[in-house]
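Thanks for making the time this morning.

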Amino acid sequence: MNHFIRDLKVRAVEQIHERYVLIRLTDDEALPPMQPGQFVEVRVDGSPSTFLRRPISIHFVDRNTNELWLLVACVGDGTRRLAQLKAGDRLNCVLPLGNGFRLSPPSCVPAVASELGSSAEASGEVLLVGGGVGVAPLLYLGAVLKEQGVETTFLLGARTASDLLMLGEFGKWGRVLVTTEDGSAGEKGFVTNHSVLQQEHFDRIQCCGPTPMMKAVARYAREKGIDCEVSLENLMACGLGACLCCVEKTTEGNVCVCKEGPVFPISRLMWGD
């Protein structure tokens with residue numbers, strides 16, 4: 001898939017949480033084909049301490065409005081600068097980067113099906129598990145799967161109810177289940193404690209979030225014999241496999257997450273019990 005460098009126009013910046021903003025971007029041209037699980041590298045202008053681009057997951061692509069959504073956690077000077085963008089500003093982006101989630105079927109939304117050239121029959125039920133800002137790539141993934149006739153359940157975890165993000169948007173594309181560590185919403189505990197994991201069967205699990213959470217989900221999937229893939233969140237400075245900041249050990253040796261991933265089947269990862 002080709003990579004593009006675009007000065008995308010900021011359509012809106014929405015403060016959806018004290019630590020998170022939703023940046024909606026557009027362009028005069030049609031946005032390029034993008035797959036769920038891919039990411040963009042954004043240039044942060046005006047920050048004296050941010051020299052490298054920042055990798056941001058593709059949160060959603062709206063082909064009807066020609067919009068790209070980025071869910072940004074404000075954790076440092078670079079991301080705080082991004083949160084200060086205003087409608088009409090320009091954001092320089094390299095996109096799309098990396099390899100996304102496996103899709104069935106096909107490997108794209110209908111609007112870009114011919115561009116990516118894929119078709120298949122629908123599969124069974126899919127469980128999408130996310131925690132923290134790791135929920136970001138799951139929204140677009142759920143939308144793609146639903147438009148292809150795949151039954152999708154979101155299982156989203158957070159520390160407390162106020163940390164659950166954009167549940168209404170997720171609800172447009174599938175059933176939404178939640179856990180909170182303090183029990184203030186949904187079931188109390190971690191995502192791996194949710195009763196749905198014992199009561200229902202899923203044909204595939206796709207996951208993104210903190211590494212301990214993903215390892216726990218991977219362990220559950222192995223025990224149940226369920227196909228599972230995860231989106232790693234290693235530090236990715238260049239996005240092209242040149243700087244070696246994001247190296248991960250796999251069954252085939254060390255690889256750059258930004259180029260070989262960020263999505264991997266758990267069978268490729270050296271995640272022992």
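Glycine 134 is buried, at a relative accessible area of 2%, where buried means under 20% relative accessible area, exposed means over 50%, and partly exposed is in between, using a 1.4 Å probe and protein chains only. Please keep in mind that this is a predicted model, in which local features need pLDDT of at least 70 and side-chain atom pairs count only at pLDDT 80 or more, while totals for chains, interfaces and linings use all residues. Residues are numbered from 1 along each chain as its sequence is written, and side-chain values use heavy atoms, with hydrogens and water left out.

Glycine 134 sits in the loop between β8 (126-131) and α3; helices (H or I, at least four residues) and strands (E, at least two) are DSSP runs, numbered from the N terminus. Setting aside neighbours within four places in sequence, glycine 134 is in contact with Cys208, Gly209 and Glu233, contact meaning heavy atoms within 4.5 Å. Arginine 219, by comparison, is 85 residues away from glycine 134 in sequence, and the two C-alpha atoms are 18 Å apart in space.

Let me turn to the pockets. On a 1 Å grid over the protein atoms alone, a pocket is an open set of points with protein on both sides within 12 Å along at least five of seven lines, and its lining residues have an atom within 4 Å of a point. Grid points are joined across faces, edges and corners, and a volume is the space filled by probe spheres set on the points.

The largest pocket holds about 580 Å³ of space. Of the 29 residues that line it, Pro55, Ile56, Ser57, Val133 and Glu233 are the closest to its centre. At least two lining residues of the largest pocket come from each of β4 (54-57), β6 (67-73), α1 (77-83) and α3 (136-147), and β4 gives the largest share, with four residues. Sorted by class, this lining has 15 nonpolar, eleven polar and three charged residues, where Ala, Val, Leu, Ile, Met, Phe, Trp, Tyr, Cys and Pro count as nonpolar, Asp, Glu, Lys and Arg as charged, and the others, Gly among them, as polar.

The second largest pocket has a volume of about 460 Å³. Of the 23 residues in its lining, Gly131, Gly132, Gly157, Glu181 and Pro210 are the closest to its centre. Both β9 and α6 (211-224) supply at least two residues of this lining, which by class has 13 nonpolar, six polar and four charged residues.

The side chain of asparagine 92 has a polar contact of 2.9 Å with that of aspartate 7 and one of 2.5 Å with that of arginine 53.

Threonine 250 belongs to strand β14 (residues 247-250) and is buried, at 4%. A polar atom of the threonine 250 side chain lies 2.7 Å from the backbone oxygen of glycine 253. Beyond four places in sequence, threonine 250 touches Val255, Arg268, Leu269 and Met270.

Finally, how many disulfides are there? The count is zero, a disulfide being a pair of cysteine sulfur atoms within 2.5 Å. For cysteine 207, the closest cysteine sulfur is that of cysteine 228, at 6.3 Å, so the two are too far apart for a bond. Cysteine 246 has its closest cysteine sulfur in cysteine 258, at 3.7 Å, which is also too far for a bond. Cysteine 207 is buried, at 0% relative accessibility, and cysteine 246 is buried, at 1%.

Definitions and conventions
Polar contact = N/O pair within 3.5 Å; in protein donor to acceptor, adjacent residues only side chain to side chain. 1 Å grid on protein atoms, 1.4 Å probe; cavity = no way out; pocket = protein on both sides within 12 Å on 5 of 7 lines; lining within 4 Å.
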